Amino acid sequence: MSETPKFKVTIDNITIEVPAGTTILNAARMIGGDVTPPAMCYYSKLKESGGKCRTCLVEVSKGSEKDPRPMPKLVASCRTTVMDGMEVKNITSERVVDARKGVVEMLLINHPLDCPVCDQAGECDLQDLSYEHGSEGTRYEFDRRTFEKEDIGPYIQLHMTRCILCYRCVNTAKELTNRREHGILERGDHSEISTLLGKALDNEFIGNVIDVCPVGALTDKTFRFKNRVWFTKPMDAHRDCPTCSGKVRLWMRGDEVYRVTARKDQWNEVEEWICNECRFEKKETKDWVIEGPSKVSRTSVISQGHYVNTEKPHILIDKVIGKQPKLLMDIHAISEVNRPEIKLSEIEGPAHSDDFKDDVIK
Ligand code: SF4
Ligand code: FES
């Protein structure tokens, strides 16, 4: 069998070799860090996804070695494959930064911004995206969309006003079940997720739609309003499950299991799909073999307060802009609050007064 040829692609001044057929987004993910465009609808674990939200737009400043002309419009990096010698600009392009701001504004036009009461707050991709690229105010003067409430089953709560129509849940249901479970009805700003015949989504893997939803449109009814995610501790655990791999993440407080989800990777994507029984019905520590604190490998509010197993963010900004950014500073150079010899990220559990200088905390 002949080997897949390799193509050289440069993204934000960093060059990498990737197999032909790789999308720009996946090539950027191989580099990692700030070079990676955000993705609100693409999901690498699904056969079909992407091309809906436009958050992953990038500028192709050189098409390829053979045809170096730039692409006239910004392209969706999740749907565009690399060419040999291609040059791409993500955060180094003013056009991209400006377009992304516009996309975020568009996604937020109809969003209720009810983060203070939303269960997804703290782990919401839209919240992170707005924090990075959103504007403070809104120019929108009309009433936001409202919908008739629809009950889509005993386990999953649908908040249609929060939906960004990314199609991830529809594609997940289509791929994990034998029949189509739900879909998007109507067009334009009337579009809505529905079970079509008003039927509950009762497939034994359907709970996974909660994990793939990038916003709080689909949430877990067994966890609703019980706790804020940043107050719970993620722990990896497993059980001998006849339906799925049984490898999950428990969200605990003390000995109480508040929520069970699939384990997620650094792109906030599910590693292995889990069944409804593991997710909704096994809420006691005795149901699980606890492996230990989960590795938090994405920069998120969830990593706050977890001093073990938190991976440092992958920072490549110096390579992107050709110099060290001025914003990064050594806190010890300007502050005497904590002792430099104590690495706060390496102490187990929360920091105590002993870890700080006596004369400062008095
Ligand atoms: S409910 Fe969530 S996953 Fe489904 S289309 Fe809306 S935002 Fe996407
Ligand atoms: S992630 Fe590419 S269009 Fe949504």
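Me: In what order do the strands of the five-stranded open sheet lie?
Reply: This is a predicted model, in which local features need pLDDT of at least 70, side-chain atom pairs count only at pLDDT 80 or more, and totals for chains, interfaces and linings use all residues. Residues are numbered from 1 along each chain as its sequence is written, and chains are lettered from A and ligands numbered from 1 in the order in which they are written. Helices (H or I, at least four residues) and strands (E, at least two) are DSSP runs numbered from the N terminus, and two strands pair if DSSP finds at least two bridges between them. The pairing in this open sheet is mixed, and the order is β2-β1-β5-β3-β4.

Me: Which strands are at its edges?
Reply: An edge strand here pairs on one side only. That applies to β2 (14-19) and β4 (75-76).

Me: Which residue of β5 is the bridge partner of Val-9?
Reply: Strands of a sheet pair through backbone hydrogen bonds, either parallel or antiparallel. β1 and β5 run parallel and are joined by three bridges. In β5, the partner of Val-9 is Met-86.

Me: Which residue of β5 stands opposite Glu-59?
Reply: Strand β3 (residues 57-62) and strand β5 (residues 86-89) run antiparallel, with three bridges between them. Val-60 stands opposite Val-88 in β5. Opposite Glu-59 is Lys-89.

Me: What angle does the direction of α2 make with that of β3?
Reply: Helix α2 (residues 94-109) packs on the sheet and touches β3 and β5; contact means that two C-beta atoms, placed from the backbone, lie within 7 Å. Axes are lines fitted to C-alpha atoms, for helices over the stretch in contact, and angles run from 0 to 180 degrees between N-to-C directions. For α2 and β3 the angle is about 160°.

Me: At what angle to β2 does helix α1 run?
Reply: Helix α1 (residues 24-31) lies across β1 (6-11), β2, β3 and β5. Its angle to β2 is about 120°.

Me: Which residues of helix α3 are buried?
Reply: Helix α3 covers residues 125-133. What covers its buried residues includes α2. The buried residues are Asp-125, Leu-126, Gln-127 and Leu-129.

Me: Why does Glu-48 count as partly exposed?
Reply: Glu-48 is in the loop between α1 and β3. Its C-alpha lies 9.5 Å from that of Tyr-167, although the two are 119 residues apart in sequence. Glu-48 counts as partly exposed because its C-beta neighbours inside 10 Å number 13.

Me: Which residues does Thr-161 touch, not counting those up to four places away in sequence?
Reply: Thr-161 is in the loop between β6 (156-158) and α4 (168-176). With 16 other C-beta atoms within 10 Å, Thr-161 is partly exposed. The residues it touches are Pro-112, Arg-144, Arg-145, Thr-146 and Phe-147.

Me: Which strands stand at the edges of the four-stranded open sheet?
Reply: The order in this sheet is β12-β11-β10-β13, with antiparallel pairing. Two of its strands have a single partner strand each, so one side of each is left without a neighbour in the sheet. These are β12 and β13 (289-293).

Me: Which residue takes a positive phi in the hairpin of β11 and β12?
Reply: β11 and strand β12 (residues 256-262) pair in the antiparallel sense over six bridges. Arg-253 has Glu-256 in β12 as its bridge partner, and Met-252 stands opposite Val-257. Two residues lie between the strands, and the one with a positive phi near 60° is Gly-254.

Me: How many charged residues are in the shell around ligand 1?
Reply: The shell has 14 residues, counted when the C-beta atom, placed from the backbone, lies within 6 Å of the ligand. Among the closest are Cys-163, Cys-166, Cys-169 and Cys-213. Ala, Val, Leu, Ile, Met, Phe, Trp, Tyr, Cys and Pro count as nonpolar, Asp, Glu, Lys and Arg as charged, and the others, Gly among them, as polar. The shell has 13 nonpolar residues, no polar ones, and of charged residues one.

Terms used: Buried ≥ 20, exposed ≤ 12 C-beta atoms within 10 Å, placed from the backbone.
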